[in-house]
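Subject: Structure handover

Hello,

Here is the structure for you to take over. My notes on it come after the coordinates.

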Amino acid sequence: DAREQWQSTMRHIACEGRCFVLGCNQFVTRGMYPPRVVAVEPLLQGGSPDDVLSAGGSVIVSPLGVVLAGPLFGEEGILAATLDLDEVPRGRFDLDVAGHYSRPDLLRLVRAGPGGSAPALSPIPAQGEEEGKRETHG
């Protein structure tokens, strides 16, 4: 996809997922198709063999949205980048895509009852403890 929006999308996916993104887009001209395909595909008939049908746009993006290689437009090629895999856990310090908010040992959602009052809360038991059997140290 040669549109600028696609490059922005690749960067957004990397940031949102805190992962490396390798976006692979093909570069194709009309002349790259074999004659047997051109003969049966109306979209390929006519025009010049040099007409670009897909301009490319391959890119490699870091977990924080930094473009490490590419985008590569208008030619065939291979992109390469050195990936620092430690960027993935570092990036998750500020955005935990695994959902730490769903950890019942840390957070609890309480819904108010029909009268608008919330039910009484009991302490969230520590890992390995049963509710109501919490040890107290004093």
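The notes below go from the overall fold to single residues and pairs.

Please keep in mind that this is a predicted model.

Overall layout

The chain has three helices and four strands, and read from the N terminus the order of elements is α-β-β-α-β-β-α. Of its 138 residues, 21% are buried. The accessible surface of the chain comes to about 10200 Å², and carbon and sulfur atoms supply 56% of that area.

In general, nonpolar side chains tend to be buried together in soluble globular proteins. Here the largest nonpolar core has five residues, namely M10, A14, V21, V59 and V61. Helix α1 (4-17) and strand β3 each supply at least two residues of this core. Once neighbours within four places in sequence are set aside, M10 is in contact with V21, G23, V59 and V61.

S58 is also part of β3. Is S58 buried or exposed? S58 counts as buried because its relative accessible area is 14%, and the cut-off for buried is under 20%. Beyond its neighbours within four places in sequence, S58 has contacts with G23, C24, N25, G70, P71, L72 and L79. The C-alpha atom of S58 is 10.0 Å from that of W6, while the two residues are 52 apart along the chain.

Nonpolar patch on the surface

Some nonpolar residues are on the surface instead: L64, V66, L68, L83 and L85 form a patch there, with about 430 Å² of accessible area together. V66 sits in the loop between β3 (52-61) and β4 (67-73). With a relative accessible area of 46%, V66 is partly exposed.

Salt bridges

How many salt bridges does a search of the whole structure find? The search returns two.

One is between R30 and D51, whose closest N and O atoms are 3.4 Å apart. This pair links distant parts of the chain, 21 residues apart: R30 is in the loop between β2 (27-29) and α2 (35-38), and D51 is in the loop between α2 and β3. R30 is buried, at 14% relative accessible area, whereas D51 is partly exposed, at 28%.

The other joins D84 to R90, with 3.0 Å between the closest N and O atoms. Both partners are partly exposed: D84 has a relative accessibility of 33% and R90 has one of 45%.

Cysteines

A disulfide is a covalent bond between the sulfur atoms of two cysteines. Searching the whole structure gives zero disulfides. C15 is partly exposed, at a relative accessible area of 26%. C24, one of the contacts of S58, is exposed, with a relative accessibility of 68%.

That is what I have on this model.

Regards

Notes: Residues are numbered from 1 along each chain as its sequence is written. This is a predicted model: local features need pLDDT of at least 70, side-chain atom pairs count only at pLDDT 80 or more; totals for chains, interfaces and linings use all residues. Side-chain values use heavy atoms; hydrogens and water are left out. Patches are made of residues with over 30% relative accessible area and no salt bridge: like charges are joined within 9 Å, nonpolar side chains (Val, Leu, Ile, Met, Phe, Trp, Tyr) within 5 Å. Accessible areas come from the Shrake-Rupley method with a 1.4 Å probe; for residues, only the protein chains shown count as cover. A salt bridge is a side-chain nitrogen of Lys or Arg within 4 Å of a carboxyl oxygen of Asp or Glu. Buried means under 20% relative accessible area, exposed over 50%, partly exposed in between (1.4 Å probe, protein chains only). A disulfide is a pair of cysteine sulfur atoms within 2.5 Å. A nonpolar core is a set of buried Ala, Val, Leu, Ile, Met, Phe, Trp, Tyr and Cys residues joined through side-chain atoms within 4.5 Å. Contact means heavy atoms within 4.5 Å.
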